[in-house]
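Me: Please take one part of this structure and look at it closely, residue by residue where that helps. I would then like you to connect it, step by step, to what lies around it.

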Amino acid sequence: MGPALVGVGVGPGDPGLLTLKAVSVLRGADRVFGPTMAVDAVGRAESIVRQAAPDVAVERLVFAIVEGDEARRAAHDLAAERVAACLDAGERVAFVTLGDPNIYSTFHHLAARVVARRPETTVETVPGICAFQDLASRSGMVLVDGVERLHLISAVDGPEALDVPLADPDAAIVVYKGGRHLPAVAGRLRAAQRLDGAVVGELLGLPGERVGLLEPAATGPAAYLATVLVPPQRPAEDATAPSRAPLSQDPPPSPVGERGRP
Ligand SMILES: C[S@@+](CC[C@H](N)C(=O)[O-])C[C@H]1O[C@@H](n2cnc3c(N)ncnc32)[C@H](O)[C@@H]1O
């Protein structure tokens, strides 16, 4: 196997949701990078790897949330240079990312910068379990069935992002990056009569996790790592309706070694 850059999804937080393939690729890599805000801060993805595969060492790449495009670009360029240097040395390089590397991930920004420097770079990805899948499972929600559709949106700029999917009543809606706007997201859903059954999962699989119905939870902003699921409008007797009410007292993910260890 020649040098390659591999984006590896590590799931949303519970180390038990790291796939066998992800662990095997991480163990087989010459180097594993993980994103972080500061060189002395353990990133979320690194923390998941530490729990699921403590033998894998993660080198941090700083993707600082800094003011100004220039400073952000400079941090990303530095990270790309480091990765390119490892590829030049013939290494197989993995980069760990929360959830799936092809869904709203830093990975493809990094990969694009690396390829700009090294056009011969082979880029691969290993899929990961997404936060919305974990939340559907934890809250007992059948997301889509039959010919229903699924909209995955980012509400980072506000609840207006809901307008297009709300015009499609037979569709489920997944809202990412809307934690800051949680009360406004709930308000938009209430106005469209779609708040019933909507759930929110905050910090899934991570310390401080909360899972429950959106209605009582949306009293203030949630964390950036918050996901909202809105079920499709269905006839009351539809067998695909959620099989049970979401339980905010669901047990936390099993510690590594019980359910979590691959
Ligand atoms: C930059 S996107 C990353 C998505 C990720 N690549 C995926 O496949 O799920 C960040 C958004 O993903 C969702 N998310 C990721 N991890 C989460 C977690 N542990 N708990 C709740 N939401 C999460 C949140 O909506 C967050 O704002």
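Reply: Val32 stands opposite Ala94 in E4, and this pair belongs to the contact between strand E2 (residues 31–36) and strand E4 (residues 92–97), where three bridges join two strands that run parallel. Strands and helices are taken here as DSSP runs numbered from the N terminus, with at least two residues (E) for a strand and at least four (H or I) for a helix, and two strands count as paired if DSSP finds at least two bridges between them. The model is predicted, so local features need pLDDT of at least 70 and side-chain atom pairs count only at pLDDT 80 or more, whereas totals for chains, interfaces and linings use all residues. Residue numbers start from 1 along each chain as its sequence is written.

The sheet that holds E2 and E4 is open and has five strands in the order E3-E2-E4-E1-E5, with parallel pairing. At its edges are strand E3 (59–62) and strand E5 (123–126), each of which pairs on one side only. From one strand to the next the twist averages 30°, where axes are lines fitted to C-alpha atoms, for helices over the stretch in contact, and angles between N-to-C directions run from 0 to 180 degrees. Helix H2 (residues 44–52) packs on this sheet, touching E2, E3 and E4, and its direction makes about 135° with that of E2; contact here requires C-beta atoms, placed from the backbone, to lie within 7 Å. Helix H4 (residues 107–117) also packs on the sheet, where it touches strand E1 (4–9), E4 and E5, with a direction at about 175° to that of E1.

Elsewhere in the chain, which has eight helices and 10 strands, another five strands form an open sheet in the order E6-E7-E10-E8-E9, and there the pairing is mixed. Its edges are strand E6 (149–154) and strand E9 (210–213), and because each has a single partner strand, one side of each is left without a neighbour in the sheet. Neighbouring strands of this second sheet are turned by 15° against each other on average, direction ignored. Four bridges join strand E8 (residues 199–202) to E9 in an antiparallel arrangement, and Glu202 has Arg210 in E9 as its bridge partner. Helix H5 (residues 131–139) packs on this sheet and touches strand E7 (171–176), E8, E9 and strand E10 (226–230), with its direction at about 60° to that of E10.

The buried residues of H5 are Ala131, Phe132, Asp134, Leu135, Ala136 and Ser139, and what covers them includes E7, E8, E9 and E10. Burial is counted from C-beta atoms placed from the backbone: a residue is buried if 20 or more others lie within 10 Å of its own, exposed if 12 or fewer do, and partly exposed in between. Just after the helix, Gly140 takes a positive phi of about 70°.

The loop between E8 and E9 holds Leu203, which has a positive phi of about 55° although it is not a glycine; Leu203 counts as buried because it has 20 C-beta neighbours inside 10 Å. In the loop between H7 and E8 lies Gln193, which is not a glycine either and has a positive phi of about 55°, but Gln193 counts as exposed, because 10 C-beta neighbours lie inside 10 Å. Ala192 is found in the loop between helix H7 (182–191) and E8, and it is partly exposed, with 16 other C-beta atoms within 10 Å.

The ligand brings parts of this description together. It is surrounded by 22 residues, of which the closest are Gly99, Ile103, Ala131, Tyr176 and Leu204, where a residue is near a molecule if its C-beta atom, placed from the backbone, lies within 6 Å of it. E8 and E10 each supply at least two residues of this shell, and the shell draws at least three residues from each of domain 1 (4–126) and domain 2 (131–230), with bounds from an automatic or database domain assignment. The shell divides into 13 nonpolar, six polar and three charged residues; here Ala, Val, Leu, Ile, Met, Phe, Trp, Tyr, Cys and Pro count as nonpolar, Asp, Glu, Lys and Arg as charged, and the others, Gly among them, as polar.

Conventions: Two residues are in contact if their C-beta atoms, placed from the backbone, lie within 7 Å.
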